[in-house]
Amino acid sequence: MLERESELSAIFDGVTRARAGRSTFFAVMGAAGIGKTRLIEEARRTAAENGLRVLAAKASPLERGYAFGLVRQLFESVLIRADEAERERLLSGAASEVRPLFEPTGRGGAPRSEMAVFHGLFWLTANLCDIGPVLLAVDDLHWADEASLRSLAYLQLRLDDVGLVVVAGTRPSDPLAARDLLDVLLTHPECRTLWPKPLSVQATGAVLEEILGHTPNPQLVSACHAATVGTPLLLMEMGRALRREQSGSRDLENMRIDDVGGKAIARRVSVELVRLSKAGRRIAETVAILGRQADLGRLATLAQLEPETVHRGISELDDAHILRRAPGQRAAVEFVHPLVRSAVYEQMDPSDRAGRHLEAAELLIQEGRRPEEPAIHLLALPFPAAGHLVVLRQAARQALDRGAPESAHAYLAHALTANVPPKERLDLLKEAITTALLVDVKLATDHLESALQLSEDPVETGELLCMAGLAKSWIGRGDEMAKQLAEAIERLPDDADDLRRGLEALLLDIPLVADGFGDLRTRMPALRRLPRSESLNAAFLECMIAGNECYAGDPRGLERARAALRHPGMPAAAAMGASAGIVGHFTLIVGDIEQGIDAYGVVVEEARRHGSTVALGISLTYRAMGWLRGGELAEAEADLREVFQMDRLSPMGIVLGIARGLLAEVLVEQGKIDEAGALLDEEELPAKLPQAGILHFTLHARAKLLSAQGLTERALEAALVTGERFAGHNGANPAIVAWRSEAALSLYALGNAAGAQAYAREEVELAERWGAPYAIGRAVRVAGLVAPMPEALTLLERSVDVLRPTTARLELAYSLVALGACRRRMGHLAAARPLLYEGMELAQRCQAAPLVKEARGHLAAAGARPRRSYVSGPESLTPSESRVARLAAEGFTNSQIAQRLYIQVKTVEVHLSSVYRKLGVTRRQQLTSMLAGSGQT
């Protein structure tokens, strides 16, 4: 470990922190051969000497498609060694979600959510750390499978909760790396990067002296240092080459040092393979094929050698510095370095290499190994045989069961390269479509096109289109999708009524997400007259009709959505990304905040366990919209921040744009103007607007931000652009986007009272037509703010009366402050103060700092001296605080609460601290009586 003092010191500091219950994430960065593996080995030794449990894994190119392969390496050994009681303890609580990674169930059914698996892996880690501090040592992270990289990124977000050291070695660039995911890990604030430097000339001399057995002359040392650029691995290879030349009595001074430089390893391996016995070469090539599966028994079988010959061959390869015994695995061997493995693998004849992979797959199938293990070798074949499709499909199902759709799709895509009959190919394409929708919409549409070409049955064609949903409209091919759906509907036989409803539902979703499809709404009158049906497709169609009615502000939409959402299959369908289910829930939350939040809560919980990551992101985003409309700004921010975290692991696409707009609005309400501005600056609206219709939320947030910044003319322009964009979707409902209110306030500030009043009156009419009290109350308040007296007073009083019975606390706070300010200006100070006090309390409860400040200003002008806070007792708790308090009162530990609510232990502690302060208690036991008195238990 020459010249590695700073890196070793940092690692020792991390080990010390872990023993104190704190965590550190190290990334050891550097080019191949710089000594990353050696540092990781030293970290393992240091951790073990200081009492840490050490779990190690090493990625390889061969296993990049092996779902969660890296994390399984980390945890499999400890679970295998654990007795039954310890195993149950480690896999208890939320960690039970990862049982399928280590105990294949073959259950099929709904795919396991990636987020559930990430959550389970974190809690498996936490359960291990509860026993004692842990080191996770990961080598060659650049070759890790994507699911493992995501799980490490999820863990990285929660390091505060465990006593853990992660030491991961990776190259700064590698063509096989999942670059975006690696960047997520390496750019996180919790990541400490260690860059081992090339060895100095002095260290080069020390290495050569150790290898050669004598002190080399300075000229040789300088030449070797220049040729290897101080890279330890190349220097070792050069030293061995020099030693061989020395033993041959050649003059070291006359050697061409440069010849032993950059390609030293490949040349050395090539030379060694020629010198080796035939058995030795066969064993080296077999290990290159088997990778981590290279134990002595398989080597003997696959290389067709006797066990004694295998042992002799391994010793020969060990002496040649090609192979070594794998650490911690008695019967396994590995290459001394990945570059050595690459050199052996690349020098093999391609056809021979493919044949060896085929033999390895057959061997693993005969052994009854998990389907994914032989499937990895089948992926290395140019084309799989028809007989191997069963294994590939089983591997895909197993990967889905573990929450790894990328791996599942890789197996299915490879299966599709086989020469199979059309019927079997169509079945494969169906599986590939549903899997690709969880990975890449473009891939799903490609599979759909292939499947449609094979399908001649109208019913089957309709079913294929139903499977793909609106995939084409999401990638700017809405015209094509609409045409295909309409033609499929026309071709369906009369007895395919249920499928027809499913296709009509998809067709009606297009105008909600893309511009220029308003003519599709002409189908709605006939669809409303269809006879009642209890099927899920019928419920989907009702949801889509309801969604279009919601956009138009037609009050029939709310009851239609309520009825459709009663179908028992709707939560699971929405959790898997069924657009109709999402639209139905959206309609509900626009019409009834409280019911909508509760309904989305069910979808969120389902999506966490067995749903689509994108569907979870959509559900959190629209639930946050409900929290925002209800004035629960902290809840809205928490849901939206989670969406942003999820986007780091699995890109959310257009969902992130909606979330960004809603979060900006939350930040404006909280008074965080600069942060809101920075957030909206990240959204490339001009580029996205032509194809992304649902970004009117982001446009509306920009109008509100500009207004808060005092840029009134620009705010007016942004509000009008929002209205124009919203109208492109037949949008008229101010409960979705209240752009007229923004326009009215801006016009009034610019001195155009008549224009402001016209917009305000129109919004009141539209809000009253839709019927949602919070939207009516807001519209009436704005109308009061731009109206002359005494009409203004009447409108503001009505706004308060409409909002008081609702859960829209922030809207009520605005109306109370506005009414109080109006009465103050009229000189009615005694009547103004209670209104302003109440409005300020509600604004404090919502954490709406600008409104609190405004209310304080009016109170001061009314001659009052407001106290800092009036909010206390159970009613002061946010919904998240209430959930945590209830679980704590029921006897759950902080860890159990965090597992149930998918939050961090630190977050639970923060919530409980706030709960204790607000309720005036100091112990958990006091919570039960306090909450019981408020009806919250």
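Of the 937 residues in this protein, 59% are buried. The structure is a predicted model, and the values discussed here are computed from it.

The secondary structure consists of 50 helices and seven strands. Along the principal axes of the protein, the C-alpha trace spans about 110 × 70 × 55 Å. The overall packing may be judged from the radius of gyration. For 937 residues, a compact globule would have a value near 30 Å; the protein has 33 Å, and therefore agrees with that expectation.

Of the contacts between residues at least 6 apart in sequence, 68% join residues at least 24 apart.

Val721 belongs to helix α39, which comprises residues 712-727. Is Val721 buried, partly exposed or exposed? Its relative accessible area is 34%. A buried residue has under 20% and an exposed one over 50%, so Val721 is classed as partly exposed. Val721 may also be compared in position with Arg22: the two residues are 699 residues apart along the chain, and their C-alpha atoms are separated by 50 Å.

Conventions: Residues numbered from 1 in each chain as written. Predicted model: local features only at pLDDT ≥ 70, side-chain atom pairs only at ≥ 80, totals over all residues. Heavy atoms only, no water. Helix = DSSP H or I, 4+ residues; strand = E, 2+ residues; numbered from the N terminus. Rg over C-alpha atoms; globule rule 2.2 N^0.38 Å. Buried < 20%, exposed > 50% of the residue type's maximum accessible area, 1.4 Å probe, protein only. Contact = heavy atoms within 4.5 Å.
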